[in-house]
Amino acid sequence: MARNNKKLAVLLVEISLVGFFSIGMYSYMQKELTPVEVYIYKNKIVKNSEIEMSDLRTKMIPAKAKDSGFLTEKDIEDIKKGGMVASTDVEPGQYAYSNQVKPGSKIDPFDTVDLTSYRKISIPVTYETSVAGEIQRGDKVDLVFTGAVTNQSGVEGSYAKTFMQDILVYSVTTGEGFEYVSHSHLKKSESVVPADESGDGAIPAEDLTAPALVTIAVPLNQAEEILARLEKGTVKILGRFDESEFTNSPGFVYGVSSPDNLFVGEKNVEVK
């Protein structure tokens, strides 16, 4: 009798385990297969064109098929507020991902600039002369010339003069010729940053290198002036704020006005 009770108890335990396992599997499969809502494009959108909710429609897919790359609730809220644009060309029926939308303020300015009379010219830089490396394509900068000045007694001094303002940065490269990745916003302990605007891949922060060349886009006559100044002195970059306006400055001189007197102050030593 005791043996039969023991067998019955074992059988009941086995049945319970199978039941629990079956319920667990059923719940898991239900969760994995439960339809969830994602967004797809209803219309064709050209790169840097604004995205509106009317350009999107929803589609149900199994939960297990939805990964973290799809549009988030925050993305949808930003699109509803307006000002979000496509970071790449998209086609009708294509799934909508977060890396395909960006704020309109990040539109590449060169997509709307007539470059017919423009030329590219590169200026050597370091961390110290490139706003601590906080520079990238699309930024606007001012150019400052630093050179030598000699007084009537033949004593040499130096001067600095901002000679161009509001200049567009075309590209920034490292000493090895690769695209420079701005990382002034990172802490040393952070390990990765997005490798490109699509977000695919990552670069260890410790592997990021300094900028070596800033290439700017300017009209031909300005390119000629920059080349001439590079031959006789140094051209350096000043970073601008979004609110920065044109400012007329005579320049600054650090030189000698007489054998016994040191002159330091604003002075226009360039005559055109």
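Is Asp166 buried, partly exposed or exposed? In this predicted model, Asp166 is partly exposed, with a relative accessible area of 39%.

Strand S7 covers residues 156-174 and pairs with strand S6, residues 140-150. The two run in the antiparallel sense, with 10 bridges between them. Within this pairing, Tyr159 of S7 stands opposite Gly147. S6 and S7 make a hairpin, and five residues separate the two strands. Gly154 lies in the turn and has a positive phi of about 85°. S7 also pairs with strand S10, which spans residues 211-219. This pairing is antiparallel too, over six bridges. Here Thr173 has Leu213 of S10 as its bridge partner.

The nonpolar interior comes next. Nonpolar side chains tend to be buried together in soluble globular proteins. The largest nonpolar core in the model holds 22 residues. Leu143, Val214, Ile216 and Ile226 touch the most other members. Two or more residues come from each of strand S5 (118-124), S6, S7, S10, helix H3 (220-232) and strand S11 (234-239). S7 gives the largest share, six residues. Val214 illustrates the packing. Apart from neighbours within four places in sequence, Val214 is in contact with Ile121, Ser122, Ile123, Val125 and Ile135, among others. Its contacts also include Val169, Ser171, Val172 and Ile237. A second core is separate and has 13 residues, including Ile76, Ile79, Ala96 and Val101.

Aromatic rings were examined next. The count comes to four aromatic pairs. One of them joins Phe70 and Tyr95, with ring centres 5.5 Å apart. The planes of these two rings stand at 85°, so the pair is edge-to-face; the cut-off for this class is over 60 degrees. Phe70 lies in the loop between strand S2 (56-62) and helix H2 (73-81). Tyr95 lies in the loop between strand S3 (84-86) and strand S4 (101-103). The pair therefore ties together parts that are 25 residues apart in sequence. Phe70 is buried, at 5% relative accessible area, whereas Tyr95 is partly exposed, at 27%. Ring pairs also bring in Tyr97, which forms a cluster with Phe70 and Tyr95.

Charged groups also meet aromatic rings. The charged end of Arg137 sits over the ring of Tyr170, at 4.7 Å from the ring centre. Arg229 lies over the face of Phe145, with 5.0 Å to the ring centre.

Salt bridges complete the account. Side chains of opposite charge can pair when their charged atoms come close. The whole structure contains seven salt bridges. Arg229 takes part in a salt bridge with Glu225, where the closest N and O atoms are 3.0 Å apart. Both residues lie in helix H3, four residues apart, or about one turn of the helix. Arg229 also forms a salt bridge with Glu270, with the closest N and O atoms 2.9 Å apart. This pair links distant parts of the chain. Glu270 lies in the segment after strand S13 (261-266), 41 residues from Arg229 in helix H3. Arg229 is buried, with a relative accessible area of 10%. Glu270 is buried as well, at 17%. Glu225 is partly exposed, at 23%.

The other salt bridge described here returns to Asp166. Asp166 pairs with Arg240, and their closest N and O atoms are 3.6 Å apart. Arg240 has a relative accessible area of 19% and is buried; the cut-off for buried is under 20%. Salt bridges join Asp166 and Arg240 with Lys140 and Asp142 in a network.

Conventions
Residues are numbered from 1 along each chain as its sequence is written. This is a predicted model: local features need pLDDT of at least 70, side-chain atom pairs count only at pLDDT 80 or more; totals for chains, interfaces and linings use all residues. Side-chain values use heavy atoms; hydrogens and water are left out. Two strands pair if DSSP finds at least two bridges between them. Rings of Phe, Tyr and Trp (its six-membered ring) pair if their centres lie within 6.5 Å; planes under 30 degrees apart count as stacked, over 60 as edge-to-face and the rest as tilted. Buried means under 20% relative accessible area, exposed over 50%, partly exposed in between (1.4 Å probe, protein chains only). A charge sits over a ring if NZ of Lys or CZ of Arg is within 6 Å of the ring centre and within 35 degrees of the ring normal. A nonpolar core is a set of buried Ala, Val, Leu, Ile, Met, Phe, Trp, Tyr and Cys residues joined through side-chain atoms within 4.5 Å. Contact means heavy atoms within 4.5 Å. A salt bridge is a side-chain nitrogen of Lys or Arg within 4 Å of a carboxyl oxygen of Asp or Glu.
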